[in-house]
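Dear colleague,

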Amino acid sequence: MDTIGEADGSSTEKITTTTSEDHPATSNKSGQWSVVSIYRTHIAGSTRNVTVSWSKNLINHSFSMSIDNHHHQNNNTITTFSMCKVDLKPWPFWTKKGLKSLEIDDDKRRVEVFWDLRSVKFSNGPEPVEDYYVALVSDEEVVLLLGDKKKEAYKRTKSRPSLTDAILVCKRENVTGKKCFITARARFKERGREHKVVIENSISISGGTREPEMWISVDGKVLVHVDNLNWKFRGNERVVVDDAPVEVQCRPSSFTLDKVYVD
């Protein structure tokens, strides 16, 4: 799936998804489960995205944070990423509390990632629910703060809250198992309400043949249904969400009779 955004081009949010399947907690215990959130922050005098990912499988549990870098070359701006990754499982004690410095942009400005996961509590998923913090600091300001231990985070970082609040612009959950589906949470407008987007496919049997088909729903309402995906492998459609036109562009990359891969 390429883009789901407003048809007029204003405040369009891009949702990048990968193939995902049945919930690993209820089907395949060896499956991969990840939750990815994208925040719009104000760092070093400019607005940029910060991507936070929590991932879990049978043998590993980790989180990562990547920050947009802006590089100028031949009058063009090139975006790269600076990343901090922490492995939480098999639970080495020294990784539960830490600090990592990253350099961003051409002037190698320093930002710092602080985390304390010593008492963190998880539900069935990879994302923590309480007793933790992850803080991103730039110019002695906490530009992004995750978790409920906010007082401890400000004390440890010795930094003040940012004057510009970080905004969650997209959240998606990817799981692998048997049945293929994708879930994401996103806003289609800068300050619009959050919507739950679900993309799923299944195999229908008609006339003795097995044909893949796909549904796209927003907040539980099916907006797009594509049958016989082997033939209708590319296209776009305009739908309406919150009385606003939304353009859906589809470009599945490859198909088999059992699985559909959408990029």
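Trp-54 and Tyr-132 are both buried, where buried means under 20% relative accessible area, exposed over 50% and partly exposed in between, with a 1.4 Å probe and protein chains only. The model is a predicted one, in which local features need pLDDT of at least 70 and side-chain atom pairs count only at pLDDT 80 or more, while totals for chains, interfaces and linings use all residues. Residues are numbered from 1 along each chain as its sequence is written, and side-chain values use heavy atoms, with hydrogens and water left out.

Aromatic residues

Rings of Phe, Tyr and Trp (for Trp, the six-membered ring) are taken to pair if their centres lie within 6.5 Å; planes under 30 degrees apart count as stacked, over 60 as edge-to-face and the rest as tilted. By this rule there are three aromatic pairs. One of them joins Trp-54 and Tyr-132 edge-to-face, at 6.1 Å centre to centre and 85° between the planes. Trp-54 belongs to strand β3 and Tyr-132 to the loop between β9 (128-130) and β10, so this pair ties together parts that are 78 residues apart in sequence. Helices (H or I, at least four residues) and strands (E, at least two) are DSSP runs, numbered from the N terminus.

For Phe-63 and Trp-115, the ring centres are 6.0 Å apart and the planes lie at 80°, so this pair is edge-to-face. It links distant parts of the chain, with Phe-63 in strand β4 and Trp-115 in strand β7, 52 residues apart. Phe-63 counts as buried at 1% relative accessibility, and Trp-115 is buried with a relative accessible area of 7%. Trp-54, Phe-63, Trp-115 and Tyr-132 form one aromatic cluster.

Strand β10 and its sheet

β10 is part of an open sheet of five strands, in the order β6-β7-β10-β11-β12 and with mixed pairing; two strands pair if DSSP finds at least two bridges between them. The edges are held by β6 (97-104) and β12 (160-161), each with a single partner strand, so one side of each has no neighbour in the sheet. Helix α1 (residues 150-157) packs on the sheet and touches β6, β7 (109-116), β10, β11 and β12, and its direction makes about 145° with that of β11. Axes here are lines fitted to C-alpha atoms, for helices over the stretch in contact, and angles run from 0 to 180 degrees between N-to-C directions.

β7 and β10 run antiparallel and are joined by six bridges, with Trp-115 opposite Val-134 in β10. On the other pairing, β10 (residues 133-138) and β11 (residues 141-147) are antiparallel over six bridges. There Val-137 stands opposite Val-142, and Ser-138 opposite Glu-141. The hairpin of β10 and β11 has two residues between the strands, and Asp-139 in it takes a positive phi near 50°.

How much of β10 is buried? Six of its six residues are, so the strand is largely enclosed by the rest of the structure. In a regular strand the side chains alternate between the two faces of the sheet. Tyr-133, Ala-135 and Val-137 point one way from β10, and Val-134, Leu-136 and Ser-138 point the other way.

Nonpolar cores

A nonpolar core is a set of buried Ala, Val, Leu, Ile, Met, Phe, Trp, Tyr and Cys residues joined through side-chain atoms within 4.5 Å. The largest has 25 residues, of which Val-134 and Leu-136 touch the most other members. At least two residues of this core come from each of β2 (33-43), β3 (46-56), β4 (61-73), β5 (76-89), β6, β7, β10 and β11. Apart from it lies another core, of 14 residues, including Val-197, Val-224, Val-241 and Cys-250.

Contact means heavy atoms within 4.5 Å. Leaving aside residues up to four places away in sequence, Val-134 touches Trp-54, Phe-63, Met-65, Val-113, Phe-114, Trp-115, Leu-144, Leu-145 and Leu-146.

The protein overall

The protein has one helix and 21 strands, and buried residues make up 44% of its 263 residues. Of the contacts between residues at least 6 apart in sequence, 42% join residues at least 24 apart.

Yours sincerely
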